[in-house]
Amino acid sequence: MALVARVRALLLPGSRLRGATLGRAANGGGAGARRALSHRVLVEADPAAGVAVVKFRNPPVNSLSLEMLTELGICLEKLENDKTVRGIVLTADRPGIFSAGLDLTEMCGRNPAHYAEFWKAVQELWLRLYQSNMALGAAINGTCPAGGCLLSLTCDYRILADNPKYTIGLNETQLGIFAPFWFKDTMVNTIGHRATERALQLGLLFTPAEALQVGLVDQVVPEDQVQSTALSVMSQWLAIPDHARQLTKTMMRKATVDQLLKHREADIQNFVSFISRDSIQKVLQVYLQKLRKKNH
Ligand SMILES: CC/C=C\C/C=C\C/C=C\CCC/C=C/C(=O)SCCNC(=O)CCNC(=O)[C@H](O)C(C)(C)COP(=O)(O)OP(=O)(O)OC[C@H]1O[C@@H](n2cnc3c(N)ncnc32)[C@H](O)[C@@H]1OP(=O)(O)O
């Protein structure tokens, strides 16, 4: 059975995320707040506010492995079908690393079928997030490179913790790979063409002050206020009638979404043939070894 089907089977039938029946929160949250978790994602829903906080918990670095992409996608699908939820805030369960981006071990030493399955899952999560009818906010409470940055860029707004260690950006070129067109388009839609061209060619990771200046994030706040600020900004977005906000969001994002929908299969084939090249496998392996060496 393909991994997506296996995780689905694991999560759906007896899952604590089943249906709209999330459990009541043991602590925290407003009256009636509910809490549910899958292995890698914790959901804290506050039906009174119409908001769910989705927390990544995929140690050690919240990398976007195939399992993580799949579980996150299923959680989002459930929340989208839950009539009590109108807005979602994405954050890391533990501060320090929002997400280290795509899981490099999924792109190294595997076979073409695996690369294709992985890339399809990356596309699916992006499509789900970028087209979401929900208001989406990112409470970025940790470092946020590459795929982690992409996740935050799919949101309607971004709040970043004021910690110089928490850099954010699409740093792919520093690894010897590059951001595909729809990563690029998502950034262009946020900070414009020239700033994106510079950021992507140089693989820039911006400090909070730089990210604010270039418009990559909307607010930089003290570390202990990231989630509360994201929730308070969410109430502004939810003050707008849903249908008006959703139609506007669709209008703004449709052309970008359509580009990927139109070239989806070719994009998978391009990814598979690019990532399978010996030279690319070599640079990724060297990068991974460097990361691992630090700890051994
Ligand atoms: C013509 C062709 C046409 C089209 C082509 C189509 C597509 C283009 C091709 C490819 C596109 C790919 C797009 C890629 C997107 C990505 O997201 S790539 C991932 C980029 N991420 C990074 O660069 C971050 C790397 N990690 C770090 O910098 C640090 O780990 C950290 C700052 C996030 C955290 O630092 P520390 O707290 O010090 O933790 P460690 O560094 O010690 O890490 C702990 C542990 O985790 C492993 N790890 C870290 N990051 C990843 C990761 N992304 N994936 C997998 N594993 C990761 C690290 O190796 C350590 O492992 P151990 O030592 O414990 O074994």
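Guide: The following account begins with the chain, turns to the ligand, and then considers some helices and backbone angles.

The model is predicted. Its secondary structure consists of twelve helices and eleven strands. Of the 296 residues in the chain, 41% are buried. Contacts between residues at least 6 apart in sequence join, in 70% of cases, residues at least 24 apart.

Around the ligand there are 29 residues, and the closest are G101, L102, A146, G147 and N270. Sorted by class, this shell holds 17 nonpolar, eight polar and four charged residues. At least two residues each come from strand β8 (142-145) and from the helices α4 (146-153), α5 (172-175), α11 (264-276) and α12 (278-293). The most is given by α11, which supplies four residues.

A146 belongs to helix α4, and its phi is near 45°, a positive value in a residue other than glycine. Most residues other than glycine have a negative phi, and most peptide bonds are trans.

None of its 16 residues is buried, so α12 lies largely in the open. Its length may also be checked: at 1.5 Å a residue, the 16 residues should span 22 Å, and the end C-alpha atoms are 22 Å apart, which agrees.

The phi of N62 is near 55°, a positive value in a residue other than glycine. N62 is buried, with 27 other C-beta atoms within 10 Å.

Finally, a pair of helices may be described. Two packed helices are described by the angle between their axes and the distance between the axes. The axes of α6 (residues 181-191) and α10 (residues 242-262) come within 10 Å and cross at roughly 180°. The two helices are therefore roughly antiparallel to each other. In this contact, F181, W182, D185, T186 and N189 of α6 meet T256, Q259 and L260 of α10. These residues divide into three nonpolar, four polar and one charged.

Note on methods: Residues numbered from 1 in each chain as written. Predicted model: local features only at pLDDT ≥ 70, side-chain atom pairs only at ≥ 80, totals over all residues. Near = placed C-beta within 6 Å. Nonpolar A, V, L, I, M, F, W, Y, C, P; charged D, E, K, R; others polar. Axes fitted to C-alpha atoms, helices over the stretch in contact; angles between N-to-C directions. Parallel < 35°, antiparallel > 145°, perpendicular 65-115°, else oblique. Contact = placed C-beta atoms within 7 Å. Expected span 1.5 Å × (residues − 1). Buried ≥ 20, exposed ≤ 12 C-beta atoms within 10 Å, placed from the backbone.
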